[in-house]
Amino acid sequence: MKLFDEKFRSSLYETIGKLESESQIEAVVIIKNKSGDYSPWAFVVAAAVAFLLFTFYMFAPIDFNPYFMFVSSIVVFALVLFLLKKSDALLSKFVPSRIKEKNVEIYARAIFQKGHIYNTGEHTGVLFYCSVFERQTVVIPDWGITLSVPEQEMQAIVGRFSKVFKSDNPADDILQALAFVSPIFAESIPHRDDDINEIPDDLDVDL
């Protein structure tokens with residue numbers, strides 16, 4: 001995740017700080033490389049390619065040496081598996097969208113619970129979860145936010161974050177998306193002088 005370097009993290013915490021200084025929101029942004037183990041898909045794809053190659057050998061109008069058929073099928077399987085293991089971008093193309101969406105949703109909700117983002121005094125915690133492999137985002141607000149922010153505005157927030165990985169520079173777009181949501185939260189849940197920072201901005205959760 002070279003895009004999300006220390007310079008980005010510094011800008012991210014600054015942007016979160018600005019958002020929280022203008023509203024009662026406790027914002028957490030977590031970026032993960034992937035939200036599931038997709039190794040089985042690499043094996044399935046590699047096996048399928050090797051099987052198709054062997055099928056070609058069996059039915060092609062050419063007599064292939066049996067040892068060549070056997071060895072080349074194994075070599076192709078190993079090569080495809082190696083390429084898929086090394087390239088997340090390539091492997092991602094073979095994983096069904098519904099599987100990726102399900103994994104991202106499960107991972108995000110697990111982080112929301114385990115990170116105690118729901119456990120703020122006014123229930124104004126919100127998780128912005130970004131998963132690179134799946135190129136997807138999930139926004140999970142606590143009930144204090146859903147009661148205060150109009151549904152149309154929340155849909156706009158979710159919609160804005162859903163575009164993050166469609167950008168040429170997701171890191172910059174995450175910052176821009178946070179800047180977009182800041183005035184929305186500031187209007188619906190304005191900052192109070194007695195508001196305290198209940199969740200660390202650099203929160204990270206291992207599952």
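Biologist: Which residues does Leu178 touch, not counting residues up to four places away in sequence?

Modeller: In this predicted model, Leu178 touches Leu12, Thr15, Ile16, Leu19, Val29, Phe128 and Phe161, with residues up to four places away in sequence left out of the list.

Biologist: Let us turn to one helix. Which residues of H7 are buried?

Modeller: Met154, Ile157, Arg160 and Phe161 are the buried residues of H7. Viewed down the axis of H7, these residues fall within an arc of 125 degrees, so they line one face of the helix.

Biologist: Which exposed residues does H7 carry on the face turned away from its buried side?

Modeller: That face carries Glu151, Gln152 and Gln155. The buried residues of H7, by contrast, pack against E2, strand E3 (136-141), helix H6 (143-148) and H8.

Biologist: At what angle do H7 and H8 pack?

Modeller: The angle is about 170 degrees, and the axes of the two helices lie 9 Å apart. An angle over 145 degrees counts as roughly antiparallel, and H7 is therefore roughly antiparallel to H8.

Biologist: Which residues meet where H7 packs on H8?

Modeller: From H7, the contact involves Glu153, Met154, Ala156, Ile157, Arg160 and Phe161. From H8, it involves Asp173, Ile174, Gln176, Ala177, Leu178, Phe180, Val181, Ile184 and Phe185. By class, this contact of H7 with H8 has 11 nonpolar, one polar and three charged residues.

Biologist: A last topic is the backbone. What is the phi value of His123, and where does this residue lie?

Modeller: Phi of His123 is near 55 degrees, a positive value in a residue other than glycine. His123 lies in the loop between helix H5 (97-114) and E2, and is partly exposed, with a relative accessible area of 23%. Arg135 also has a positive phi, near 55 degrees. Arg135 is found in the loop between E2 and E3 and is partly exposed, its relative accessible area being 46%.

Terms used: Residues numbered from 1 in each chain as written. Predicted model: local features only at pLDDT ≥ 70, side-chain atom pairs only at ≥ 80, totals over all residues. Heavy atoms only, no water. Contact = heavy atoms within 4.5 Å. Buried < 20%, exposed > 50% of the residue type's maximum accessible area, 1.4 Å probe, protein only. Helix = DSSP H or I, 4+ residues; strand = E, 2+ residues; numbered from the N terminus. Arc of directions from axis to C-beta. Axes fitted to C-alpha atoms, helices over the stretch in contact; angles between N-to-C directions. Parallel < 35°, antiparallel > 145°, perpendicular 65-115°, else oblique. Nonpolar A, V, L, I, M, F, W, Y, C, P; charged D, E, K, R; others polar.
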